[in-house]
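Hi,

Here is the structure I promised to pass on. Have a look, and my notes follow below.

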Amino acid sequence: MIETLYWKDNKLYLLDQTILPHEIEYCECKTYQEVITAIKTMKVRGAPAIGVSAAYAMALAEVQGENLEQAGQEIKQARPTAINLFWAVDKVLKSVEQGNTAVDTAIQMEKEDISINKKIGEYGNTVIDDGDTILTHCNAGALACAGYGTALGVIRAANEHDKNINVICDETRPVLQGARLSVFEMQEENIPVRLIVDGAAGHMMQKGEVDKVVIGADRVAKGGVANKIGSLMVALAAKRYNIPFYVAAPISTFDFENNIFDTKIEERNPEEVLVVNGKYIAREETRVENPAFDIVESNLITGIITEEGIKKPL
Ligand code: MRU
């Protein structure tokens, strides 16, 4: 399995996810500022991967001899929605206060992320039946984490338990994480996968082609879950056709303090929507809305698959 990120000789190497699946290239980060840029430009993306990268950004700040509180404040500005970013910075600060180094803490957090995802996979496997077709949105796979994945981790685990699984990936406009990343991951595992445009999800459900939906999350809080834009439409269609809708996420993605509707929804560059293959698909001056996430309300969610078991939505 291709590595999302690795730490070597006091440098962080991030697989550049903007050029996958055609090119496999790692970008070398020697400073925490370079990690911030990689998060902002989505070279690394996905809530747990953002969290682990943020922890390594703190490790780099330590190596650079920077003030960790100050660096942490800057790292927290990289992207607003995934709570793992804030959780990771605070976890490193606390660990350093307790006498550990930021480098050792980040290395530990990377390892933990993978073992947590494997537990999520095992719990998730219990709700997957042999022969299921599972629809997923965006990429909540190994590439969105330090490894293994959350939603795709559930699929991976079911496959490891010799269940015959078919996967349908929404392409996930505007930056196509479903097409470029989730399809790639499933092909690498030899798991049968079909790619659909986002607008086809309801149609596939209506035709009886989907047994379960499993997606990831950027934040779980009272009232629902924030995840990639388009998740809400998938959840509404799943409810209409009585299809179980699961969210797979580690406890580090839970925000126990706030209501989900208080989550800051990232608004990204209009060019992501307007430019396809280097060409404008509408007039350059077209007004664009480009929210990167939406909120799936709790009553649309069957269960949240965590490393501690399957939980009810908050
Ligand atoms: O904008 P992205 O690619 O960072 O959005 C990613 C998602 O929405 C994922 O579903 C979520 O972070 C969970 S990843 C395990």
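First, a term: buried means under 20% relative accessible area, exposed means over 50%, and partly exposed is in between (1.4 Å probe, protein chains only). This is a predicted model, so local features need pLDDT of at least 70 and side-chain atom pairs count only at pLDDT 80 or more, while totals for chains, interfaces and linings use all residues. Residues are numbered from 1 along each chain as its sequence is written, and side-chain values use heavy atoms, with hydrogens and water left out.

Now the salt bridges (a side-chain nitrogen of Lys or Arg within 4 Å of a carboxyl oxygen of Asp or Glu). The count comes to 15. One of them joins Glu266 and Arg79, at 2.8 Å from N to O. Glu266 sits in the loop between β11 and α10, and Arg79 in the loop between α3 and α4, so this pair ties together parts 187 residues apart in sequence. Both Glu266 and Arg79 are buried.

Glu272 also forms a salt bridge with Arg268, with the closest N and O atoms 2.7 Å apart. Arg268 is buried at 15% relative accessible area, and Glu272 is buried at 16%. Arg79, Glu266, Arg268 and Glu272 are linked in a salt-bridge network.

Then there's Lys91 with Glu112, a salt bridge of 3.6 Å, N to O. Lys91 lies in helix α4 and Glu112 in helix α5, so the pair ties together parts 21 residues apart in sequence. Lys91 is partly exposed at 32%, and Glu112 is partly exposed at 28%.

Cheers

Key. Helix = DSSP H or I, 4+ residues; strand = E, 2+ residues; numbered from the N terminus.
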